[in-house]
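Dear colleague,

I am passing the structure on to you with this message, and below it I have set out what was found. Please read the notes with the model open beside you.

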Amino acid sequence: MKEVAIIGGGVTGLEAANKLAQLGYTVTIFEREKTPGGHVAQWDRLFPNRRNSMEVVNEFKSHLNGNPAIFLSTAIDKISRKGARFTLEAKGKSFDADAVLIATGFELFPAEKKEEYGYGIYDNVITSAELEAMFKEHGYPVTKSGKQPQRIAFIHCVGSRDEKVSRPYCSKVCCVTAVKQSIEVKEAIPSAEIYCLYMDLRMFGPGYEDLYKEAQQKGVNFLRGRLSETSELEDGRVLIKTEDTLSAKPLKMSVDLVVLMVGMSPAEGTSELIAGLDLKPNKDGFVEIIDQHINPVKTKAEGIFTAGACTGPNNITDSVNAARSAAIEIHQYLSSK
Amino acid sequence: MKKEGKKKIWSEYQKEIADDKFYFVRSCIRQTFFPGSDTAYLKILRDVLGKDVYEDPNHTTCTGIAYHTEVVPFSTIQTVVARNFALMRENGYENYTPSCVTSFGIYSEILDTWHHFPEEKQRTRDYLRKATGREFEEPANLVHTSDVIYKFRNEIAAKAKYRLVNKETGEPLKVVDHIGCHYSKMFPSKGVGGAEYPQVLAGLVETFGGEVIDYPERRHCCGFGFRQYFVQANRGYSISASKKKFASMEPYKPDLIITNCPGCNYFMDRWQYALEEMEGKTYGANGEGIPVLSYEEVAGIVLGFDPWKMGLQMHQTDIEPLLKKIGVEYNPDDKYKGPNGEDLGLPKGLKFIKD
């Protein structure tokens with residue numbers, strides 16, 4: 001039976017593994033973290049319907065029954081080609097495969113790179129991922145002092161569409177995530193004032209516009225303007241400065257909590273990993289595909305496929321579709337051998 | 001506030017600062033408005049630290065203010081800068097240390113231009129040769145004089161007579177640090193600590209025993225913004241910018257404002273006086289102003305230099321509140337005496353912030 005190695009045990013890797021196993025291949029997933037599910041498993045609820053993220057992760061995990069197999073806490077250090085097969089090395093061990101799927105996902109943009117936003121310095125400046133963790137733990141956000149915030153600012157496009165931090169691309173999912181989170185905060189703390197500071201609201205998926213409308217109906221304020229800087233006030237609140245570009249007025253306000261909507265960055269180590277296969281990342285640092293319209297899951301290296309957010313920002317729907325597409329492409333490739 | 005977050009950023013913005021043999025370049029306004037800065041700098045470097053600092057009588061200002069106000073074209077300022085570089089090498093120096101932040105920005109901008117557009121450098125060579133017959137080389141090390149004091153902060157602290165500590169309470173003095181825009185906002189990598197949380201003055205203050213205040217309008221303009229002040233009709237913006245800063249720092253009860261830019265020092269010092277005249281409002285404790293000093297003037301105070309011999313009486317906002325808090329020994333009667341002890345008389349026509 002031919003073997004397929006999948007690097008990355010997020011939803012993309014899990015779903016591709018499931019389909020390939022159903023097609024009769026021996027599939028092994030290599031996941032560098034202790035648990036599968038990638039970033040989705042870290043999230044509390046998903047847009048647009050706010051279902052529990054673990055429902056989705058558990059569905060994909062339910063197929064892990066020996067084939068596909070998964071190695072956790074196993075980071076692949078090197079992939080090398082040996083004739084028609086590949087050798088993957090991790091922790092001094094090696095694994096062979098007839099085809100490889102790279103599904104290494106993404107990293108959250110390191111918010112401290114936007115130095116002027118004060119992440120890592122001011123106590124009440126957090127990331128969207130940390131807000132999800134708060135929802136998981138408490139069901140509502142809390143300030144550093146443990147209080148429920150009464151005024152919250154969501155800052156869109158942190159590490160997205162920003163050439164200053166070498167992230168010129170849109171991360172796609174942050175807008176709708178901010179809208180989702182703002183509704184969740186409003187539901188958890190009805191008295192809270194919420195402000196979303198955005199450049200454009202890119203509600204591209206089904207149900208996203210509905211979510212945006214719901215947020216407005218629930219009293220979330222949307223201000224078109226980028227954050228210029230934050231400062232910490234004596235009482236621990238955060239002073240934010242922006243411009244309301246629709247009314248062309250500078251704006252300054254103090255908030256209890258600032259949530260930075262961090263974008264997607266290329267996963268650490270992926271470009272080094274593919275370099276051994278003579279593959280280069282694309283201009284944004286993600287895995288380069290042959291053709292985004294016709295060949296969206298193939299790389300220039302024969303037998304090496306890719307899917308999910310390691311090719312660029314994706315939502316779960318796109319990642320799962322790419323996973324299934326990759327499974328079919330790998331099947332066709334191995335069938336022709 | 002997580003101090004470790006700042007330290008992490010600081011660690012990413014460190015730069016090479018030469019150890020000795022400095023070619024010193026003056027500002028066009030600094031020594032006129034507050035001569036204590038240059039006096040203290042040269043004395044600290046030469047007498048306290050034993051460094052070789054050369055000041056060439058033939059060097060000129062960078063013409064930066066004229067460049068930024070579009071009076072001097074870019075090709076001209078490049079040639080002026082190249083001439084100063086030529087003088088430095090002719091005198092056997094390669095470490096260029098401008099004392100003005102605007103100049104530091106000019107030099108940094110021009111070196112960066114030459115890096116990206118070598119044809120500009122070649123054109124400047126031609127202009128300089130044609131105008132003066134000189135040839136130039138870029139400095140081996142270009143740093144601002146505040147970088148130099150920062151580098152030697154521990155050596156200075158080891159020889160200090162005083163600390164930035166309230167003599168009565170034993171508490172660290174609260175210090176506002178204000179960096180000139182052209183020090184690191186144009187090129188964050190060229191400033192110690194970067195642009196958002198600069199370390200160059202904060203590191204100095206902490207080493208001398210003080211505590212830096214992080215107040216909301218910390219990054220706001222000092223009031224000098226060239227287009228605010230040089231365009232006469234805009235001067236209301238200038239003083240209102242300064243007022244915004246003072247109002248923002250006031251609740252934190254600062255004992256001192258330390259700057260590394262001649263313009264910042266001038267405007268934060270003088271506008272306090274103007275605001276007191278206009279509105280009867282002062283921003284320090286007990287109706288006093290907040291003393292505004294340059295980094296080397298602060299270093300001079302902690303080293304025990306005589307404040308009046310340094311020239312600190314040239315600051316419009318009185319510095320005595322600071323001297324008293326630190327416990328500096330000084331003679332109030334010497335404030336308006338000339339270099340030979342002659343009585344110069346009190347400045348006339350001025351109402352002082354309470355002293």
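**A strand of chain B and its partners**

In chain B, B:Asp177 has B:Ile258 of strand 7 as its bridge partner. This is a predicted model, in which local features need pLDDT of at least 70 and side-chain atom pairs count only at pLDDT 80 or more, while totals for chains, interfaces and linings use all residues. Residues are numbered from 1 along each chain as its sequence is written, and chains are lettered from A and ligands numbered from 1 in the order in which they are written.

Strand 5 of chain B (residues 174-178) pairs with strand 7 (residues 256-259) of chain B in the parallel sense over 4 bridges, where two strands count as paired if DSSP finds at least two bridges between them. Strands (E, at least two residues) and helices (H or I, at least four) are DSSP runs, numbered from the N terminus. Strand 5 of chain B is also paired in the parallel sense with strand 6 (residues 211-212) of chain B, over 2 bridges, and there B:Val175 has B:Val212 as its bridge partner. Strand 5 of chain B is mostly covered, with 5 of its 5 residues buried; a residue is buried if 20 or more other C-beta atoms, placed from the backbone, lie within 10 Å of its own. B:Lys174, B:Val176 and B:His178 point one way from this strand, B:Val175 and B:Asp177 point the other way, and all are buried.

**The two domains of chain B**

The domain assignment, which is an automatic or database one, divides chain B into domain 1 (17-145) and domain 2 (161-334). Their C-alpha centres lie 25 Å apart, and the contact takes 25 residues from domain 1 of chain B and 26 residues from domain 2 of chain B, two residues being in contact if their C-beta atoms, placed from the backbone, lie within 7 Å. On the side of domain 1 of chain B that touches domain 2, helix 2 (30-33), helix 3 (36-48) and helix 6 (101-116) of chain B each supply at least two residues, and the largest share, 8 residues, comes from helix 3 of chain B. That side of domain 1 divides into 11 nonpolar, 10 polar and 4 charged residues; Ala, Val, Leu, Ile, Met, Phe, Trp, Tyr, Cys and Pro count as nonpolar, Asp, Glu, Lys and Arg as charged, and the others, Gly among them, as polar.

**Between the chains**

The contact between the chains takes 14 residues from chain B and 12 residues from chain A. On the side of chain B that touches chain A there are 5 nonpolar, 2 polar and 7 charged residues.

**The sheets of chain A**

In chain A, 5 strands form an open sheet with parallel pairing, in the order 5-2-1-9-20, and its edge strands, strand 5 (69-71) and strand 20 (304-306), each pair on one side only. Strand 1 (residues 3-7) and strand 9 (residues 99-102) of chain A are joined over 4 bridges in the parallel sense, with A:Ile6 standing opposite A:Leu101 of strand 9. Helix 1 (residues 11-22) of chain A packs on this sheet, where it touches strand 1, strand 2 (26-30) and strand 9 of chain A.

A further open sheet of chain A has 3 strands in the order 6-7-8, with antiparallel pairing. Strand 6 of chain A is joined to strand 7 (residues 85-90) of chain A by 5 bridges, and A:Ile79 has A:Leu88 of strand 7 as its bridge partner.

With best wishes

Technical notes
Axes fitted to C-alpha atoms, helices over the stretch in contact; angles between N-to-C directions. Buried ≥ 20, exposed ≤ 12 C-beta atoms within 10 Å, placed from the backbone.
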